[in-house]
Each structure stands twice: as structure tokens, then as C-alpha cells.
Amino acid sequence: MLGGSRVQLKGWQRAAVALGSAVGALLDPRRADLIAALGETTGKPAFERVLQRMKNSPEGRAILSERPRVISSQVGHAWELPDNTFGAAYAKFMGSRNFSPDDRPPVRFMETDELAYVAMRAREVHDFWHTLFGLPTNMIGETALKVIEFEQMMLPMCMMSVVGGTARFSERQRRLFYQHYFPWALRAGLRCTDLMCVYYERHFGEDLEDVRRRFGIVPAPPPTS
């Protein structure tokens, strides 16, 4: 269901893959496959906590039971929804960047089907979060979203991405991030609901601002300078 084939790793193998992925991702942050491997090999305890929270939530249990996928065949109807809706905003976000929901790398290093699905779900809702928080897909926007993802899931990979991302910033970008985006992201990630327990596809047809209010999402304010 999740595509690809999963690989069972021994402890030392997991550590080796994590280290290699971390080094490779730092050298080339565009390598989504390396970032995915890093998240999986370092994130098992975090994904286990997310799984338990989903089991304790009505919408979370529905997601685990039905296992929706954010792929073209299941979310393509978003492109046909009215302009004010969350689904249309997501479609506009994807279309304006020529992104495809089918481009996410498969999960390879999770030990159980449940954890593999949770890891895949976390990966696939990333663009929903971009849409709801109004974040661009440049380095600053991606790093700000990683702050929120860390607060939501406590994945070590997210914190590593923040450290690695800010290290690559210019002085101007670093100042903008820490003065504007970082304080907002800290507040936004703590204020909103448990985002892994939201069945986003059920809310596609709802007004975007209503969805934001319902889940306590504060979009990123425009920089003051």
C-alpha cells in the first residue's frame, strides 16, 4: 500500500544509515530520499508516540482505519473545489509550484505496517501544513515549518533540519528567520491542535479560514521589513 519495500535493520545498521543520511542531507538538502531515511531511522520513538495519540483521537482512529493517501488519485478533486476552500488553496499551492502529491519517497525503515503508515502520513501532510500556515517553500519557509513539525512530533530529524538549514542562511536570511519566523513558529506550533490527528481530506470543501480557526492555526504574518 505504501509503495516500495521495507528493510529490516539491525541496531548498528540503523545507526549507519542515520549517519550517512544526515551527512548526505547536510551536503545536499534537496535529497528528499536522504531526509526521509534520516527521519525514519531516528524517529521510531516519536512515531510511536504519534501513533498512540492518533489511536486516542476520533479523527486519528478514522485515519488509521481508512489509511487515506495524499496521492493524485485520492486528492485530485481538490482542483475542482470553490476558490475559498481549503482544498482549492492546497491545489493552488501545489499547482503554482508544479508539485505532484505522488513525488514523496516511500517508507523503507519502519518495522510495522502501522508505524510505516504514520511515517508516510507525516510525510504526505507536509504540503497541507504549508497551505494552512501560509509558508513559502523557500529555505526560510521550510525551516520554519520544521520548527512546527518538531513541536508537533518531536522528530529529531526536524531539529537537525532547523540547525542545518539555518547554517546555510545568509546573514540577512538568518536575521529574518530568528527575528520573525522562529518566534512565530514556536507560538504557532504550540497553539494549534494535534495536526497528525486531523483528517484533512474531510475538510477540503470547508472555507480555508474556518479550517484554520477550527484547528487553532495562525498563518505566518508577512515580514515587517
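Me: In which helix does Gln152 lie, and why is Gln152 called buried?

Reply: In this predicted model, Gln152 belongs to helix H9, residues 139-153. Helices are DSSP runs of H or I with at least four residues, strands are runs of E with at least two, and both are numbered from the N terminus. A residue is buried under 20% relative accessible area, exposed over 50% and partly exposed in between (1.4 Å probe, protein chains only). The relative accessible area of Gln152 is 8%, so Gln152 counts as buried.

Me: Which residues does Gln152 touch, not counting residues up to four places away in sequence?

Reply: A contact requires heavy atoms within 4.5 Å. By that rule Gln152 touches Arg53, Trp129, Gly189, Cys192, Thr193, Asp194, Leu195 and Met196.

Me: How is the model to be read, and which residues count for which values?

Reply: Residues are numbered from 1 along each chain as its sequence is written, and side-chain values use heavy atoms, with hydrogens and water left out. Because the model is predicted, local features need pLDDT of at least 70 and side-chain atom pairs count only at pLDDT 80 or more, whereas totals for chains, interfaces and linings use all residues.

Me: What is the mean pLDDT of the protein, and where is pLDDT below 50?

Reply: pLDDT is the predictor's confidence in each residue, from 0 to 100. The mean for the protein is 86, and 80% of its residues reach 70 or more. Residues 14-19 fall below 50, and this stretch has 12 contacts in the model beyond near neighbours in sequence. Residues 21-27 also stay under 50, with 10 contacts beyond four places in sequence.

Me: Which residues does the UniProt annotation "binding site" cover, and how do you know that they cluster in space?

Reply: The unreviewed UniProt entry assigns "binding site" to His126, Asp127, His130 and Glu142. These residues are spread over 17 residues of sequence, yet the largest C-alpha distance is 10.4 Å. The UniProt positions follow the numbering used here, feature names are shortened, and annotations may be inferred rather than shown by experiment.

Me: Why is His126 counted as buried?

Reply: His126 has 8% relative accessibility, under the limit of 20%, so it is buried. His126 lies in helix H8, residues 126-133. Beyond four places in sequence, His126 touches Arg104, Glu142, Leu145, Lys146 and Glu149.

Me: Why is Asp127 counted as buried, and with which side chain does the Asp127 side chain make a polar contact?

Reply: Asp127, also placed in helix H8, has 8% relative accessibility and therefore counts as buried. The Asp127 side chain makes a polar contact with the side chain of Arg104 at 3.0 Å.

Me: Why is His130 called buried, and which backbone oxygen does its side chain reach?

Reply: The relative accessible area of His130 is 1%, so His130 is buried. Its side chain reaches the backbone oxygen of Leu135 at 3.1 Å. Aside from neighbours within four places in sequence, the contacts of His130 include Phe93, Glu142 and Leu145.

Me: What makes a set of residues a nonpolar core, and how many residues has the largest nonpolar core?

Reply: A nonpolar core consists of buried Ala, Val, Leu, Ile, Met, Phe, Trp, Tyr and Cys residues joined through side-chain atoms within 4.5 Å. The largest has 62 residues, and those with the most contacts inside it are Phe128, Trp129, Phe133, Trp184, Met196 and Tyr200. Helix H7, residues 113-124, supplies the largest share, 7 residues.

Technical notes
A polar contact is a pair of N or O atoms within 3.5 Å; within protein, one must be able to donate a hydrogen and the other to accept it, and residues adjacent in sequence count only if both atoms are side-chain atoms.
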